[in-house]
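Open the model in your viewer and keep the selection tool at hand. The tour goes stop by stop, with something to select at each one.

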Amino acid sequence: MIALLLVVLILSPMIARAEAVSEPRSSQPQQVRTGPLTIEEVLARIELTHPLLQATGVERMKARAKILKALGAWEPTLKNITEVERYETWNLTTSPFLPNIQTGGFNDTKLEIGHPWGFRIHGGIRNGLGDRINQSVIAIIPDLQLFYPQQQIILGGSFQLLRGLIINEENAEFQQAELAGPLAEVKVAQKRQDLYLAGAIQYWDWQVAVKQAEVQRQALRVAEERYAQIEGQAKAGKVSPLDVVEQGQEVQRRKQAAIAAQRKVELEQYKLSLFLWENGEPVTPRPEWAPEFQGETPLPTEEEIAAYKAQAKEDRPEVRALYIEAKMKDIDLKLAKNKLLPKLILEGGPTEGATDWIVGVGYRTGLHFEMPLFQREGRGKVMAAEVGLSQLALKQQYTEQQVTYDVDNWISAIVRARDRVRAATESYRLAKELEAGEIKRFDLGLSSILFVNLRQRNVVDTAYQLYRAQADYAVARGGLLWAIGALSKPVADAVMAKYGNPLTAAGINGYKQAGRD
């Protein structure tokens, strides 16, 4: 018994804490907020602190890494090579029983440099070594001697005269790596655009939920007041007891609706908090931060719509990404056509064999020619590159039409949402009139509480339809900005400065900073 009592005493605080409703997470500056949460602030906080936008900024560093990797093909390289060989000399006058075995070699220290156009050069110093040097007969190097006969200046290189001249695998990789930077900016713009639109939609959904919860709570208060009034009248014998039951049931029905509406608010505010970050944690907005819906704005003219479509073809990240991809495929096509040329390489330099060098052969030159008879590899690469460009051209044509369709679609959404707002506003006005008239008839004894409740439910429903239409109108206006590519650009620095430091914004993550790379 005593053990059971101890368990109850220990668990009771935990149970109490579990039943308590958790407070929304918000920092101290947010708790003292006096103004409403605006859509401008939502977009600014996405640009300043959103983790997904910051993560996409890493694409910029990946692009720089690709450039560094491509530049490694022509990295100046310091080489030090030591080569020693044992060799035997003999002739007809030399006894086979007395072989003349010698040791010779060299040590090379040279710097090798490549160039994107397809040639490589190297230069340095060669020092001879071995027991041949101390004999009476010394192999004197005839080419580019330095300070003594066994020391030589070495120069060499190779040049690709046809295939590989200017256009080659290394240079193509470097050119495509340079396009990775613009492509990274497109990816950041794409992520920004998606986050801005998703944040705006969630913002308006949260606002609708807050307004609907307010309407449900107001309807519940009215029903409770009416219940108290009818209960008093029933005790005085003025109304039927069934009216008390009817109103009691209405109170419970509206209480359920109010609880569901509150749950909807909590759901939407938690979802919106994923777009509002501060100090590394999401900030949950409070219901009192919800602003009022804005009014109508003028519709764009035909000239403005045409300008929007032209702007969409320039600014939408989807179109910009295709242009960059087309440049990359064009590089592939040039490289493939270069493969159709014969291979003609001119090369020269010091002899590589230690034995050849020690007996006096200093430099070598050569011309290497090679050409496949049927050019199957080259023709296959050209065909694949041309097919890829054809596919991309069709995809680009479709995407450009799609972005113009998006402009028309969101303008249509604006028009229809505006018409819905007007119709819902009039419907709400008429519902309020019906409610007021039904309450007046009930007070005169010409109606029942059932009809009063039905009129009030109608008011709640029409209010929700009005809020939903107003939210859809706001979303449609934001969707038009998305369609023309305006949301792919960050908000102004003056706006971001109100809510944080633009220099440390998540949207600029990955930019090259002083002292890096």
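## First stop: a loop residue

Select glutamine 375, which sits in the loop between strand S8 (363–370) and H11. Helices here are DSSP runs of H or I with at least four residues, strands are E runs of at least two, and both are numbered from the N terminus. This is a predicted model, in which local features need pLDDT of at least 70 and side-chain atom pairs count only at pLDDT 80 or more, while totals for chains, interfaces and linings use all residues. Residues are numbered from 1 along each chain as its sequence is written, and side-chain values use heavy atoms, with hydrogens and water left out.

Stay on glutamine 375. Its phi is positive, about 55 degrees, although the residue is not a glycine. Most residues other than glycine have a negative phi. Is glutamine 375 buried or exposed? Glutamine 375 counts as buried, at 10% relative accessibility. Buried means under 20% relative accessible area, exposed means over 50%, and partly exposed lies in between (1.4 Å probe, protein chains only).

Now select asparagine 279. Asparagine 279 is in the loop between strand S5 (277–278) and strand S6 (281–282). Here too phi is positive in a residue other than glycine, near 55 degrees. Asparagine 279 is exposed, with a relative accessible area of 74%.

## Zoom out

Show the whole protein. How many helices and strands are there? The protein has 13 helices and eight strands. Of its 517 residues, 39% are buried. Take the contacts (heavy atoms within 4.5 Å) with a separation of 6 or more: residues 24 or more positions apart account for 79% of them.

## Helix pairs

Two packed helices are described by the angle between their axes and the distance between the axes. Axes are lines fitted to C-alpha atoms, for helices over the stretch in contact, and angles run from 0 to 180 degrees between N-to-C directions.

Select H8 (residues 302–315) and H11 (residues 376–443). Their axes come within 9 Å and cross at roughly 140 degrees. That makes H8 oblique to H11. Angles under 35 degrees count as roughly parallel, over 145 as roughly antiparallel, 65 to 115 as roughly perpendicular and the rest as oblique. The crossing of H8 and H11 is right-handed. Right-handed means that the near helix is turned clockwise from the far one by less than a right angle, and left-handed means anticlockwise.

Show the side chains between H8 and H11. From H8 come Ile305, Tyr308, Lys309, Ala312 and Lys313, and they meet Glu400, Val403, Thr404, Val407, Asp408 and Ile411 of H11. These contact residues divide into six nonpolar, one polar and four charged. Ala, Val, Leu, Ile, Met, Phe, Trp, Tyr, Cys and Pro count as nonpolar, Asp, Glu, Lys and Arg as charged, and the others, Gly among them, as polar.

The axes of H11 and H12 come within 7 Å and cross at roughly 160 degrees. H11 and H12 are therefore roughly antiparallel to each other. Their crossing is left-handed. The contact of H11 with H12 holds 27 nonpolar, eight polar and 10 charged residues.

Move to H6 and H7. Their axes come within 8 Å, crossing at roughly 160 degrees. That makes H6 roughly antiparallel to H7. The crossing of H6 and H7 is left-handed.

## The core

Select Leu37, Tyr203, Trp204, Trp206, Val407, Trp410 and Leu480. They touch the most other members of the largest nonpolar core, which has 57 residues. Such a core is a set of buried Ala, Val, Leu, Ile, Met, Phe, Trp, Tyr and Cys residues joined through side-chain atoms within 4.5 Å. Which helix gives the most to this core? H6 does, with 13 residues.

Center on tryptophan 206. Not counting residues up to four places away in sequence, tryptophan 206 touches Leu37, Val265, Glu268, Gln269, Leu272, Pro285, Arg286, Pro287, Trp289, Ala290 and Pro291.

Select isoleucine 358 in helix H10 (residues 354–358). Isoleucine 358 is buried, with a relative accessible area of 4%.

Finish at lysine 498, in the segment after H13. Lysine 498 counts as exposed, at 56% relative accessibility. Lysine 498 and arginine 45 are 453 residues apart in sequence and 9.9 Å apart in space, C-alpha to C-alpha.
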